[in-house]
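Subject: Structure handover and notes

Dear colleague,

Please find below the structure I promised to pass on to you, with the sequence alongside.

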Amino acid sequence: KKVQMAISYFVTYPLLVVFFGMFVFFVYNIIMAGRGSVKIDPTDAGQAQGEIVNIRSSSGENSAFINVAIQVRFITADHKIVNTEGKVVIDAVKVTEYQKGTKVPLTYSKKEPKKIKINIPSHWINNSL
């Protein structure tokens with residue numbers, strides 16, 4: 001009996017660690033997928049306030065965080081009006097804060113103004129990872 005008990009610990013704990021690791025990996029990837037993999041060179045970056053023209057969910061309606069595509073309109077530093085779209089993850093509780101007409105801070109590429117990163121903080125990600 002002692003040998004079987006020792007074997008069960010050697011099987012159980014590694015399996016728990018593996019499953020926990022997989023869970024963390026998937027949650028991290030789901031959240032990061034919506035954070036926008038857009039890379040903008042800091043020397044090329046411009047800051048603006050974009051007005052939400054449209055917002056639609058792309059996945060994750062049943063979780064605490066929702067991947068959304070936000071269509072925005074903003075004016076660049078050289079006074080060009082740009083209509084484009086950015087993807088971001090938002091807290092499901094705060095969805096009502098991001099409706100048509102709402103202003104959101106964004107970073108855009110001066111060379112390619114349609115390339116944007118919407119700067120919506122995700123408190124869960126910032127506090128836990």
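Helices (H or I, at least four residues) and strands (E, at least two) are taken here as DSSP runs and numbered from the N terminus. On that basis the protein has two helices and five strands, which follow one another along the sequence in the pattern α-β-β-β-β-β-α.

Please keep in mind that this is a predicted model, in which local features need pLDDT of at least 70 and side-chain atom pairs count only at pLDDT 80 or more, while totals for chains, interfaces and linings use all residues. Residues are numbered from 1 along each chain as its sequence is written, and side-chain values use heavy atoms, with hydrogens and water left out.

Overall picture

Of the 129 residues of the protein, 26% count as buried, where buried means under 20% relative accessible area, exposed means over 50%, and partly exposed covers what lies in between (1.4 Å probe, protein chains only). The accessible surface comes to about 9000 Å², with 62% of it belonging to carbon and sulfur atoms; these areas come from the Shrake-Rupley method with a 1.4 Å probe, and for residues only the protein chains shown count as cover. If contact is taken as heavy atoms within 4.5 Å, then among contacts between residues at least 6 apart in sequence, 60% join residues at least 24 apart.

The core and its aromatic pair

A nonpolar core is understood here as a set of buried Ala, Val, Leu, Ile, Met, Phe, Trp, Tyr and Cys residues joined through side-chain atoms within 4.5 Å. The largest such core has 17 residues, and those with the most contacts inside it are Ile-70, Val-72, Phe-74 and Ile-120. Strands E1, E2, E3, E4 and E5 (116-118) each supply at least two residues of this core, and the largest share, five residues, comes from E2. Leaving aside neighbours within four places in sequence, Ile-120 is in contact with Ile-70, Val-88, Ile-90, Tyr-98 and Val-104.

Rings of Phe, Tyr and Trp (its six-membered ring) are paired if their centres lie within 6.5 Å, planes under 30 degrees apart counting as stacked, over 60 as edge-to-face and the rest as tilted. By this rule there is one aromatic pair: the rings of Phe-74 and Tyr-108 have their centres 5.1 Å apart and their planes at 40 degrees, so the pair is tilted. Phe-74 lies in strand E2 (residues 65-75) and Tyr-108 in strand E4 (residues 103-109), so the pair ties together parts that are 34 residues apart in sequence. Phe-74 is buried, at 1% relative accessible area, and Tyr-108 is buried as well, at 3%.

Charged pairs

Where a salt bridge is defined as a side-chain nitrogen of Lys or Arg within 4 Å of a carboxyl oxygen of Asp or Glu, the structure holds two. Glu-85 pairs with Arg-56, the closest N and O atoms being 2.8 Å apart, and this links distant parts of the chain, Glu-85 being in strand E3 (residues 81-91) and Arg-56 in strand E1 (residues 45-59), 29 residues apart. Both are partly exposed, Glu-85 at 30% relative accessible area and Arg-56 at 42%. The other salt bridge joins the side chains of Asp-78 and Lys-80, at 3.7 Å from N to O, and Lys-80 is partly exposed at 49%.

Loop residues

His-79 lies in the loop between E2 and E3, is exposed with a relative accessible area of 68%, and has a phi near 65 degrees, a positive value in a residue other than glycine. Lys-94, placed in the loop between E3 and E4, is partly exposed at 27%.

With best regards
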